[in-house]
Amino acid sequence: QVQLMESGGGSVQPGGSLRLSCAASGKFYNIATISWYRQVPGLQREFIAAMASGGGTAYGDSVKGRFSISRDNAKNTGYLQMDNLKPEDSAVYYCYATVRKNPGRPPGDYWGQGTQVTVSS
């Protein structure tokens, strides 16, 4: 069974920075795509960023220029560097990954449990 574990959330003042991590564990072949989403209670889950295994990236409009996604394939870990944080960035941040358990097979979808980010003065 593949598991994703986020870490690095917390409270920070406006203008501050946080770095989230998403570590994948279990038995699998490779991670195809690592993505980050966030959700505020009562609202839909919002796409933040994604990174493919080849290095291609995509970002949501609300975080372009402030957030940066990266990954360490050797550690099966993805990262989200969040700079110049704003109060409206406060949310639960979720890691999402598509993971191949075997080569040549389509990847499956996996979500982490979420980590809270609070931006407040």
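The following questions and answers concern a predicted model.

User: Which residue does a disulfide join to Cys22?
Analyst: The structure holds one disulfide. Its two cysteines belong to distant parts of the chain, 73 residues apart, with Cys22 in strand β3 (residues 18-25) and the partner in strand β9 (residues 91-100). The S to S distance is 2.0 Å, and the partner is Cys95.

User: Is Cys22 buried or exposed?
Analyst: Residues under 20% relative accessible area count as buried. Cys22 has a relative accessibility of 3%.

User: Which residues are in contact with Val63, leaving aside its neighbours within four places in sequence?
Analyst: Val63 is placed in the loop between β6 and β7. With a relative accessible area of 0%, Val63 is buried. Beyond the sequence neighbours, the contacts of Val63 are Arg38 and Ile48.

User: In which sense does β4 run relative to β5, and how many bridges join them?
Analyst: Within this pairing, Tyr37 stands opposite Phe47 in β5. The hairpin of the two strands has six residues between them, and there Gly42 takes a positive phi near 90°. The strands β4 and β5 run antiparallel, and the number of bridges is six.

User: Which residue takes a positive phi in the hairpin of β5 and β6?
Analyst: β5 pairs with strand β6 (residues 57-59) in the antiparallel sense over three bridges. Ala50 stands opposite Ala58 in β6. The hairpin has four residues between the strands, and the positive phi, near 105°, belongs to Gly55.

User: What is the geometry of the aromatic pair of Tyr94 and Trp111?
Analyst: The structure holds five aromatic pairs. In the pair of Tyr94 and Trp111, the ring centres are 6.5 Å apart and the planes are 80° apart. Planes over 60 degrees apart count as edge-to-face. The geometry of Tyr94 and Trp111 is therefore edge-to-face.

User: Is Trp111 buried, exposed or partly exposed?
Analyst: Trp111 lies in strand β10 (residues 108-111), 17 residues from Tyr94 in strand β9. Tyr94 has a relative accessible area of 15% and is buried. The relative accessible area of Trp111 is 39%, so Trp111 is partly exposed.

User: Which residue lies over the face of Tyr94?
Analyst: Tyr94 belongs to a cluster linked by ring pairs, together with Tyr37, Phe47, Tyr96 and Trp111. A charged residue lies over the face of Trp111, at 4.6 Å from the ring centre, and over the face of Tyr94, at 3.8 Å from the ring centre. For both rings that residue is Arg45.

Note on methods: Residues numbered from 1 in each chain as written. Predicted model: local features only at pLDDT ≥ 70, side-chain atom pairs only at ≥ 80, totals over all residues. Heavy atoms only, no water. Disulfide = S-S within 2.5 Å. Buried < 20%, exposed > 50% of the residue type's maximum accessible area, 1.4 Å probe, protein only. Pairing = 2+ DSSP bridges. Contact = heavy atoms within 4.5 Å. Phe/Tyr/Trp six-rings, centres within 6.5 Å; stacked < 30°, edge-to-face > 60°. Lys NZ or Arg CZ within 6 Å of the ring centre and 35° of its normal.
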